[in-house]
Amino acid sequence: MLDVSLGILRRDLLLALRRRSDVATALLFFLIVASLFPLGVGAEPNQLRAIAPGVIWVAALLSSMLSLSHLFADDHADGTLEQMLLGAAPLGVVVAAKALAHWLVCGLPLVLVSPLIALQYDLPGGLHGVLALSLALGTPVLSLVGAIGAALTLGLRGGGVLLSLLVLPLYVPVLIIGAGSVEMAAAGQGGMGQLLLLGALLAVAAVFAPWASAAALRISAE
Amino acid sequence: MKWFWYASPETFFPLAGRLAYGCGIAAALLAVAGLYVGFFVAPTDATQGEVYRIIFIHVPAAWMSMLLYLAMAFWAALGLALNTRLSGMMARAIAPSGALFTFIALWTGALWGKPTWGAYWVWDARLTSELILLFLYLGFMALQASIDDRRRSDRAGAVLAIVGAVNVPIIYFSVQWWNTLHQGASVSFAKAPSMAATMFTGMILMVLAFWMYSFAVTFVRVRCLIREQG
């Protein structure tokens, strides 16, 4: 089982490495959205500091969601997905490995670049770590839950827009708790409680989401 | 009692017709009685005046909106587990009613909020989670509408409904927590004044009317779905 997941992980990462522009697009989207907000609401530092956690988290949500449609679509198009469905390896493990690869390619860069955005928004230095940590715990949940939506909308017309309609309401708890952790830390109460909650969400999503995605994939590929 | 006798669309079709008829009449009678009690018998509220009377629409609609989501998820899960065709049709038939009641609850809530809180929309935990519930309903309906193959559509919708049902409590509690973080509870339902007996009667009558309406409409829709698939 570990062999299978490592194999899938390596393959997906290799594919991502061959198509670097896809990876760069998600990251660039994140940077651009985060940079648009000050242009819209004005560059008053106190205001920027106040909206920073929410804006950065919303940008992360959208960026993660936009790259979801690639998760299964390419494999579906070239027939690899059918082989995965027929293969001996449990489908849940395959899906979990693909979600992990998606996070490494689309989520981890956001975590790494988040201190840079935090600087743009003039967040105090102590909060950069909390922000990065909350993103590191929260974005995997987005990949896992998003995989369900990606599996459900596989091969449908208007799949991209539909995907956002399905997935964004399910992202709400992650957004609230993730942005809340930074705000709590900014208020001097420490964000530990929220970070623990995010960790709990991650644990729950890691157990149940691959299973639900596998069921959705079987339905879509019938 | 043979539960599975009516699991076949063929045998359920005539039963649904009779039930829809009965429930429809019951809904009309209950609604007339409930509205009469609500508008003419129930006393004027001491603090809110006449405007509170929207409660007779608002509260039943909010209850139904949540209940119908659970009912929808229940039928969807049953359809996924037992592979019965009728279960999928039930889930599909319930969704529009649920979305309608969610919308009514939000709309009447806004109309109620303006005179009492001074704003049409407040980011209260209940309003916000109700709004997200509406999005969940719309997502379910959009997903089912975009899949032409009925069987795949039912099963895909079922997975989404179950995932949504698991998420609803998480969303509710996270929104509640977020609300307490952002604004010191500006709107509190905790100190709800004890209700006059006639107000309560009116509300219960309206709840029953909404129940009967949901049954009737669902049965009519199921009949249409059965005919469509014929």
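## The helices of chain B

From the N terminus on, chain B reads α-α-α-α-α-α. In other words, its secondary structure comes to six helices and zero strands. Please keep in mind as you look around that this is a predicted model.

How compact is chain B? Its radius of gyration is 19 Å, close to the 17 Å that the globule rule gives for 230 residues, so chain B is as compact as a globular protein of that length. Along the principal axes, its C-alpha trace spans about 55 × 40 × 30 Å. Of the 230 residues in chain B, 40% count as buried. Take the contacts in this chain between residues at least 6 apart in sequence: 80% of them join residues at least 24 apart.

## Where the two chains meet

## The nonpolar core

The largest nonpolar core has 138 residues. Those with the most contacts inside this core are Val145(A), Ala216(A), Met72(B) and Val159(B). As general background, nonpolar side chains in soluble globular proteins tend to be buried together.

Leaving aside its neighbours within four places in sequence, Met72(B) is in contact with Ala91(B), Ile94(B), Ala95(B), Gly98(B) and Ala161(B).

## A pair of helices in chain A

Now turn to chain A, where helix 2 (residues 20-41) and helix 3 (residues 45-66) pack at an angle of about 145 degrees, with their axes 9 Å apart. Helix 2 of chain A passes helix 3 of chain A in a right-handed crossing. Helix 2 contributes residues including Phe29(A), Phe30(A) and Phe37(A) to the contact, while those from helix 3 include Leu48(A), Ile51(A) and Val55(A). By class, this contact between helix 2 and helix 3 of chain A has 16 nonpolar, two polar and no charged residues.

## A glycine inside helix 6

Gly202(B) sits in helix 6 (residues 197-229) of chain B. Is Gly202(B) buried or exposed? Gly202(B) is buried, because 25 other C-beta atoms lie within 10 Å, and 20 or more are enough to count as buried.

Apart from neighbours within four places in sequence, Gly202(B) is in contact with Gly34(B), Val37(B), Gly38(B), Ala42(B) and Phe56(B).

## Two loop residues with positive phi

Most residues other than glycine have a negative phi. Asp122(A) has a positive value, with phi near 60 degrees. Asp122(A) is found in the loop between helix 6 (91-120) and helix 7 (125-152) of chain A. With 13 C-beta neighbours inside 10 Å, Asp122(A) counts as partly exposed.

In chain B, Asn83(B) also has a positive phi, near 60 degrees. The loop that holds Asn83(B) runs between helix 2 (55-82) and helix 3 (85-117) of chain B. Asn83(B) has 12 C-beta neighbours inside 10 Å, so this residue counts as exposed.

Key:
Residues numbered from 1 in each chain as written. Chains lettered and ligands numbered in written order. Predicted model: local features only at pLDDT ≥ 70, side-chain atom pairs only at ≥ 80, totals over all residues. Axes fitted to C-alpha atoms, helices over the stretch in contact; angles between N-to-C directions. Helix = DSSP H or I, 4+ residues; strand = E, 2+ residues; numbered from the N terminus. Left-handed = near helix turned anticlockwise from the far one by under 90°. Contact = placed C-beta atoms within 7 Å. Nonpolar A, V, L, I, M, F, W, Y, C, P; charged D, E, K, R; others polar. Rg over C-alpha atoms; globule rule 2.2 N^0.38 Å. Core = buried A, V, L, I, M, F, W, Y, C linked by C-beta atoms within 7 Å.
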